[in-house]
Amino acid sequence: QIPKDPVRRRVRELAMLSKQLQQVHPNVLAKVLKQGTVYQNEEIVVINKPYGLPVHGGPGIKNCIADVLPILAKMLENMKAEPLHLCHRLDKETTGVMVLARSKEVAERIRLLFKTRQVEKIYWAISLGDPDPTEGIVEIPIVEKEVRSHQSHYKMTLAPNYRLSPEDGKVVKIRKNRNAESAVTRYRLLARSSACSLLELQPITGVKHQIRVHLAYGLGCPILGDHKYSHWSKLAPQKLPEITLKKLKLVQSKARHLPLHLHAHRLSLPLGERLDLVCKPPLFFQKTLKKLELDITND
């Protein structure tokens, strides 16, 4: 039963986004990934990771990328193909460029490139509000903390090295949090409209949820659909400005269905020669750009 009302239809579309891939047969999932292949050579296969699909399995997860790598390898090569290997990870809600290796050795090599920060990663995100200044670098360490509220939960958060002294407003260095990891993100505004922005992001480090935390807590511009990092003390859907709701044809009570708009757009991999791997954003992301009138002037 498909609702006639376009608003309800859109909400249903969004709500179905991550459910669909959890309910299909592993062979169907492998086929979806095969159709999303953007590049392959004798060493690697590059896919455009779909939304809502976890890389690794876990409780309550029926389908994940790791599980279908043997099937995908056979579909791409032949029935005798060795399973593909994961080289890095993307969050379940993140879409875009994902590199798989055809052998253990190549996977190890690529993992080392990621670890030693030789891989250049460019993400696109739609955020609420726009960053001031419009381009720069966020360099604030990140740590995982427990949020004590009526439902206790864990979140990544900032652990700054400096604060303003309440007495005289001077900048004071504070004692470093032992568990914090240093985190650096470059950002640049590509377009803004309807109380939102399209940002280009380059994480220099690879801390869990780094881009989401730096945007939400560092720049005050949470990613559209990031219900986890739009508040600190509660687990609640993101609150959207009137104009954004209007453009997206959504009501606030349905905002919880908005997916995270974070996309791994480009990856530059120094594997022999430098490989530039690019993935277009998924359809829901493109539709949002259109609805919000976020026109990209460059590529």
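How many residues of domain 1 are in contact with how many residues of domain 2?

Modeller: Happy to! This is a predicted model, in which local features need pLDDT of at least 70 and side-chain atom pairs count only at pLDDT 80 or more, while totals for chains, interfaces and linings use all residues. Residues are numbered from 1 along each chain as its sequence is written, and side-chain values use heavy atoms, with hydrogens and water left out.

To your question: 29 residues of domain 1 touch 30 residues of domain 2, where contact means heavy atoms within 4.5 Å. Domain 1 covers 1-116 and domain 2 covers 120-294, with bounds from an automatic or database domain assignment. Their C-alpha centres are 23 Å apart.

Helices (DSSP H or I, at least four residues) and strands (E, at least two) are numbered from the N terminus.

Now for the helix pairs. Helix α2 (residues 26-35) packs on helix α3 (residues 65-76) with axes 8 Å apart and an angle of about 65°; axes are fitted to C-alpha atoms over the stretch in contact, and angles run from 0 to 180 degrees between N-to-C directions. That angle makes α2 roughly perpendicular to α3, a label for 65 to 115 degrees. Their contact involves P26, N27, L29, A30, K31, L33 and K34 from α2, and I65, V68, I71, L72, M75 and L76 from α3. By class, 10 of these residues are nonpolar, one is polar and two are charged.

Helix α1 (residues 6-23) meets helix α7 (residues 283-291) at roughly 145°, the axes coming within 12 Å. Here R10, E13 and L17 of α1 face F284, K287, T288 and K291 of α7. This contact has four charged residues, two nonpolar and one polar.

D132 and P133 are joined by a cis peptide bond, with omega about 0°, and P133 sits in the loop between β5 (120-128) and β6 (135-139). H209, in the loop between β12 (196-203) and α5 (210-218), has a positive phi near 60° although H209 is not a glycine.

Definitions and conventions:
Parallel < 35°, antiparallel > 145°, perpendicular 65-115°, else oblique. Nonpolar A, V, L, I, M, F, W, Y, C, P; charged D, E, K, R; others polar.
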